[in-house]
Amino acid sequence: MTVAELNKIRDRYSDLIKVRQLIGEQSAKLERTTGYRKQVLVCGGTGCTSSRSKEIIEVLETTLKNLGIKDVLVIKTGCFGLCALGPIMIVYPEGAFYSQMTPAHAKMVVERHLVPGGSVIKEYLYSGTLLTDGNILPFLETPFYKRQMRIALRNCGLIAAEDINEAIGAGDYQALAKVLTTMTPDDVIEEMLASGLCGRGGAGFPTGRKWAFAKASKGPVKYVCCNADEGDPGAFMDRSILEGDPHSVLEAMAIAGYTIGSNQGYIYVRAEYPIAVHRLQVAIAQAREYGLLGKNILGTGFDFDIEIRLGAGAFVCGEETALMTSIEGHRGEPRPRPPFPAVKGLFGKPTILNNVETWANVKPIIMNGAKWFSSIGTESSKGTKVFALGGKITNVGLVEVPMGTTLRTIVEEIGGGIPNGKKFKAAQTGGPSGGCIPASCLDVPIDYDNLKKIGSMMGSGGMIILDEDTCMVDISKFYLEFTADESCGKCNPCRIGTKRLLELLTKITKGEGELSDLDKIRDLAEHMKSSSLCALGQSAPNPVLSTLRYFEDEYRAHIVDKKCTAGVCKALLSYYIVPDKCRGCTLCKRNCPVGAIEGNLKQPHAIDTTKCIRCGVCITKCNFGAIIKK
């Protein structure tokens, strides 16, 4: 394929994509040039697929065929972001945002909306798009989308994820063409340096500097790697990009290969991401067929190809040297640094490794310029950041905001606040390597430096929201259990230190702690941070230290008062029946697994606390709110 042929495909499919970007009259004008009266985009990401979006697509296609409708295009896309409302379906040119769809709903949409002369079914729409006067608000104007700026996620939910033609129509591979025909490797590095792009995998190292180091390294063989081993609990940013726009990653890796003098790339992706793996396989095959990977790319004489390597789900393989060791076929363990991968990496050759989100930012920088990208964000943190928003939040989903956006904006405006009238308590960022941000820091602009100052970190972008019912000691214990289990065991500070920290936290949650344990925790944590071999051990104490910093009163309540104020730690709880509320229905008694409840029919019951195992079954079975725990 030549550049001219690439541009022809772009021009042929660009109007099809524009219909999905210009809601309303402008979009309706374009529909005539595409040959389709309506376009129906259905989320085909992991979340919506698990909620039967595949069946929805089948019903749409079958019903359209049965009705003889041929001018409606049905497309399976990647994630739209608002995962709490899946399965999601958007109909253009109206931009009708249908949420929580079922196969029955899909059939009805065809029969009432997609037929000629049909109209939007308002009762199926996302409630945030319905105005009090009966009109429909464009979904991009809703609070969830309005405060976002989608750069890395630009094509997710916009294009058919398994169609390279649509990817090209949306602009993919234009940056590769520009680089190969008009820029030198030094030009690319200067652009990346000027952009201020830093690694989005957690470390935040300047991408341009990493590429420059690898370019300066001597040797005929070099490698380009993509870290898609997204192991943080609750994180799904990289997975969504691979599921929605895999070509953006392939293109960026090819650009990096040209820049540092590499002809081979590897994508290391966890096997637990079957949809992402499949779409990567499809994308690589399509790119090879179109001559965008392989020999003599775009007729420029540049050769570059990419292979996939599946990971077994080891969290430590998120560390770059452990990941490379795994690609080589060995047990994933980190290596001492220096030498750094840019000098001696994969198979002992100079290597650069970036995560999926970092790669997804390369094309916009090349096409729009470093000045444009560096104008977004803060002085020290440029561009946007994708967060997987989860936990006790109304709008669970994927969000991308400019660096410097406050946590309050993300939680209250984009996230829709805490459900059930509960109060915000903390936000855990950075996964097991991060920390907990308290309510007092809600207005701190989120960037690399500010998060470090308040005891957390950016990490890969997981953001778990915690409400007033969360025990901060227990949440620290949860993350320590994870890191202790995931430690590769190569170095003593991590292998032994995580176990000892976990023992101390477990002791406290059981009501057996002593105040001196808090000093032991701090001392052990500092030794781990300073002497562990890799970032897993160095950052494992972060959740504990941050909760001790902001919620030490909870630790002291567990130790001194033998109480868990959030009512979470079972060893410190007792269950009681309020006599005035008990109707004597015996439902709790009949369901108690250990026979700890006594009482006669239609008489107030009582719990024998010496027998009670605090399983909570009685509370779930009581219909009168007569059972409390304290």
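Which ring does the charged end of Lys385 sit over? That of Phe387, at 5.6 Å from its centre. The rule here: NZ of Lys or CZ of Arg within 6 Å of the ring centre and within 35 degrees of the ring normal. Arg239 also lies over a ring face, that of Tyr273, at 5.8 Å from the centre.

A word on the model. It is predicted, so local features need pLDDT of at least 70 and side-chain atom pairs pLDDT 80 or more, while totals for chains, interfaces and linings use all residues. Numbering runs from 1 along each chain as its sequence is written, and side-chain values use heavy atoms, without hydrogens or water.

Now the sheet. It is open, with five strands in the order β7-β8-β6-β5-β9 and mixed pairing. Strands are DSSP runs of E, at least two residues, numbered from the N terminus; two of them pair if DSSP finds at least two bridges between them. The edges are β7 (294-297) and β9 (351-355), each pairing on one side only. Strand β5, residues 223-228, runs parallel to β9, joined by five bridges. Cys226 has Asn354 in β9 as its bridge partner.

On to aromatics. Rings of Phe, Tyr and Trp (its six-membered ring) pair with centres within 6.5 Å; planes under 30 degrees apart are stacked, over 60 edge-to-face, the rest tilted. That gives 14 pairs. Phe205 and Phe213 are 6.4 Å apart at 40 degrees, so tilted. Tyr223 and Tyr266 are tilted too, at 5.9 Å and 50 degrees. Tyr223 is in β5, Tyr266 in β6 (residues 264-270), 43 residues apart. Both tyrosines are buried, meaning under 20% relative accessible area, with exposed over 50% and partly exposed in between (1.4 Å probe, protein chains only).

Definitions and conventions: Helix = DSSP H or I, 4+ residues; strand = E, 2+ residues; numbered from the N terminus.
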